[in-house]
Amino acid sequence: MSEPRVRPDPAFALLDLYETALPEVYGYLLARCGDRGVAEELTSETFLGAVSACRNPGAPPVSTPWLIGVARHKLVDHWRRREREERGLRVVHETEAASVDPWDAELDALLAREVLESLGAHHRAALTLRYLDGLPVPQVARLLGRTVHATEALLVRARAAFRAAYREKEVRND
């Protein structure tokens, strides 16, 4: 009689990678959300989600880039939750901006981060994924659960909101 075959748990691969991947995943999230508590929470969610995901049949091999991808999805989910909460607390009429948006000014990095953090979650998510992560609009649309056309319109409004807030803070700081 043959012994039953025991398949090793693929989550053990995460244990081997945890020490080296943790600072990279946390750094990725902290750089994009700017809040240590949120970054810690999302890092925890990333690793918990990764344990479940790597156990699925056909899951890709566990690696740091794969974990960064999981973290990106957790960050987008966080922004979506925040946007739903903010939308429930306020009624806002957004003004449409012109579709051409050439802005040649040099930005102060610290001021730009402060302005980005002051924007609504939907604008912050779109701008971060598009310009900080450098993702193409179709991929941003997919991550945000929107059509490409809706994402392009969101980016136009987000850039206009960023520009207005940046100029306002720039004037106040002078």
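Residues are numbered from 1 along each chain as its sequence is written, and side-chain values use heavy atoms, with hydrogens and water left out. In this predicted model, local features need pLDDT of at least 70 and side-chain atom pairs count only at pLDDT 80 or more, while totals for chains, interfaces and linings use all residues.

**Overall fold**

The protein chain has seven helices and zero strands. Its pattern along the sequence is α-α-α-α-α-α-α. Helices (H or I, at least four residues) and strands (E, at least two) are DSSP runs, numbered from the N terminus.

The chain has 174 residues, and 37% of them count as buried. Buried means under 20% relative accessible area, exposed means over 50%, and partly exposed lies in between (1.4 Å probe, protein chains only). The chain exposes about 11000 Å². Carbon and sulfur atoms supply 55% of that area. Accessible areas come from the Shrake-Rupley method with a 1.4 Å probe; for residues, only the protein chains shown count as cover.

Take the contacts with a separation of 6 or more: residues 24 or more positions apart account for 70% of them. A contact means heavy atoms within 4.5 Å.

**Helix α2**

Helix α2 covers residues 36–54, 19 residues in total. At 1.5 Å a residue it should span 27 Å, and its end C-alpha atoms are 26 Å apart, which agrees. The expected span is 1.5 Å times one less than the number of residues.

The buried residues in α2 are Val38, Ala39, Leu42, Thr43, Thr46, Phe47, Gly49, Ala50 and Cys54. They cover an arc of only 170 degrees around the axis, so they sit on the same side of α2. The arc is that of the directions from the helix axis to the C-beta atoms.

Asp35 caps the N-terminal end of α2. One of its side-chain oxygens lies 2.8 Å from the backbone nitrogen of Gly37.

**Salt bridges**

A salt bridge is a side-chain nitrogen of Lys or Arg within 4 Å of a carboxyl oxygen of Asp or Glu. By this rule the count is five.

| Pair | N to O distance |
|---|---|
| Arg72 and Asp133 | 3.4 Å |
| Asp77 and Arg80 | 3.6 Å |
| Lys169 and Glu114 | 3.4 Å |

Arg72 pairs with Asp133. This pair links distant parts of the chain, 61 residues apart: Arg72 is in helix α3 (residues 64–89), and Asp133 is in the loop between α5 (121–132) and α6 (137–144). Arg72 counts as buried at 18% relative accessibility. Asp133 is buried too, at 16%.

Asp77 and Arg80 are three residues apart in helix α3, so about one helical turn separates them. An α-helix has 3.6 residues a turn, so residues three or four places apart point the same way. Asp77 is partly exposed at 31% relative accessibility. Arg80 is partly exposed at 28%.

Lys169 pairs with Glu114. This pair also links distant parts of the chain: Lys169 lies in helix α7 (residues 148–173) and Glu114 in helix α4 (residues 109–118), 55 residues apart. Lys169 is buried at 16% relative accessibility, whereas Glu114 is partly exposed at 40%. Salt bridges that share partners also join Arg32, Arg72 and Asp133 into one network.

**A histidine in α5**

His122 is found in helix α5. At 12% relative accessibility, His122 counts as buried. Its side chain makes a polar contact of 2.7 Å with the side chain of Glu83. A polar contact is a pair of N or O atoms within 3.5 Å; within protein, one must be able to donate a hydrogen and the other to accept it, and residues adjacent in sequence count only if both atoms are side-chain atoms.
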